[in-house]
Amino acid sequence: MDASGLPVERSRRPYLIGLGLAFILTAIPFALVAAGTLPRISTLVIIAITAIVQVLVHLRFFLHIGFHSTPFENLAAMAFAGILIVFMVGGTLWIMFDLHHRMMM
Amino acid sequence: MTADTLGTVEMAALPTSDTQKYEDRAFGFWIYLMSDAIIFALLFATYLVMLGNTARGPTGQQLFSLEHAAAETAVLLLSSATFGFASVAFAQASRPGVIQWLSVTAVLGLGFLLLEYQEFSGMIAKGAGPDRSGFLSAFFALVGTHGLHVSAGIIWILVMIGQVLTKGLTRPVASRVMRLGLFWHFLDIIWIGIFSVVYLPGLV
């Protein structure tokens, strides 16, 4: 993503690197679930970690987000959306599961 | 930002107000994508809250298929890369390349929709439709909203193939293809969330 809003990347290299990394980061959690050898909690933690890393890989290699190449306004909008998501998703889960817990008492 | 970034493509020597216009459009679209991310985040939150509310009906463990989810993931991931190749072809001013890779992306997108349609219709045939339980309502709302976005993306890809054929690689078309690319790569990021929150934990 650069400010011009026009395609400027002339090399397939970033897309191929992104595809390779994304493939590995997808194969690991799918293989773990298929094998079913690790305990449930460890599997869920590995799924979460590979998902977060894969989102970063996609942002870097497919959307071309970079701290220097991406305009500040775009990064600020992304950070703001991130904060809203943490508040709203975190708040929803906290309130609803707390409520659920109390109703079961 | 200089006007001749696209080099050989016929878009040099445009007034700066035009450059400003495309920068504004790219930024406006980025704001839309961020608000769309918030919609999806809340659908994920709803899904997690409703996860246990199966109303004695089927659970994810009984309904989801690892092979099916893997196939959907592979098709969508590949389509993100092929869209990237279309953007590269655009930057290299190769009109046949753009049309070829956009077509491949549209076909992969249609393949994804076909897989999703099979999955949804199979679940509904088993009596596990969105009306069966709160869990299934949340599942269809989340995965279905993503599917609707992919459908809109495919229509947009077909429109852009038409514009590249009729208008050529002009600057307004370049700006639209770039925004479509942001949209398409964004949908693939949402899908990472779907297989990591819905399918894999459901099958662990």
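1. Start with B:S87, which sits in helix α3 of chain B. The model is a predicted one, and the values below are computed from it.

2. Is B:S87 buried or exposed? Its relative accessible area is 7%, and because the limit for buried is under 20%, B:S87 counts as buried. Once neighbours within four places in sequence are set aside, the contacts of B:S87 are A:P7, A:E9 and A:Y15.

3. Chain B as a whole contains six helices and zero strands. Its order along the sequence is α-α-α-α-α-α. The C-alpha atoms of chain B occupy a box of roughly 65 × 30 × 25 Å along the principal axes. Chain B has 204 residues, and 57% of them are classed as buried. Among contacts in chain B with a separation of 6 or more, 80% join residues 24 or more positions apart.

4. Helix α5 of chain B covers residues 134-167, which is 34 residues. From first C-alpha to last, this helix reaches 48 Å, close to the 50 Å expected at 1.5 Å a residue. After α5(B) comes B:G168, with a positive phi near 85°.

5. Which residues touch the most other members of the largest nonpolar core? They are B:F64, B:F139, B:I194 and B:Y199, in a core of 83 residues. Elements of both chains give two or more residues to this core: α1 (13-35), α2 (40-61) and α3 (72-104) from chain A, and α1 (16-50), α3 (66-91), α4 (95-125), α5 and α6 (171-203) from chain B. The most comes from α6(B), with 19 residues. Domain 1 (1-67) and domain 2 (69-105) of chain A both contribute residues, so the core lies between them.

6. B:F139 deserves a separate entry. Not counting residues up to four places away in sequence, B:F139 touches B:Y47, B:F64, B:E119, B:F120, B:M123, B:G144, B:V198 and B:Y199. Two of these partners, B:F64 and B:Y199, are also among the residues that touch the most other core members.

7. On chain A, the domain assignment gives domain 1 (1-67) and domain 2 (69-105). Taken over C-alpha atoms, the centres of these two domains are separated by 22 Å.

8. The largest pocket has a volume of about 1,200 Å³. Its lining consists of 44 residues, and those nearest its centre are A:V55, A:I85, B:F44, B:G193 and B:V197. At least two lining residues each come from α2 and α3 of chain A and from α1, α2 (60-63) and α6 of chain B. The largest share, 10 residues, is supplied by α1(B).

9. How many cavities of 30 Å³ or more does a search of the whole structure find? The search finds one. The largest cavity holds about 60 Å³ of space. It is lined by 12 residues, with A:F62, B:M178, B:G181, B:L182 and B:H185 closest to its centre. Both α3 and α6 of chain B supply at least two residues of this lining, and α6(B) gives the most, with five.

Methods: Residues are numbered from 1 along each chain as its sequence is written. Chains are lettered from A and ligands numbered from 1 in the order in which they are written. This is a predicted model: local features need pLDDT of at least 70, side-chain atom pairs count only at pLDDT 80 or more; totals for chains, interfaces and linings use all residues. Side-chain values use heavy atoms; hydrogens and water are left out. Helices (H or I, at least four residues) and strands (E, at least two) are DSSP runs, numbered from the N terminus. The expected span of a helix is 1.5 Å times one less than its number of residues. A nonpolar core is a set of buried Ala, Val, Leu, Ile, Met, Phe, Trp, Tyr and Cys residues joined through side-chain atoms within 4.5 Å. Buried means under 20% relative accessible area, exposed over 50%, partly exposed in between (1.4 Å probe, protein chains only). Domain bounds come from an automatic or database domain assignment. Contact means heavy atoms within 4.5 Å. On a 1 Å grid over the protein atoms alone, a cavity is a set of points where a 1.4 Å probe fits but cannot get out, and a pocket is an open set with protein on both sides within 12 Å along at least five of seven lines; lining residues have an atom within 4 Å of a point. Grid points are joined across faces, edges and corners, and a volume is the space filled by probe spheres set on the points.
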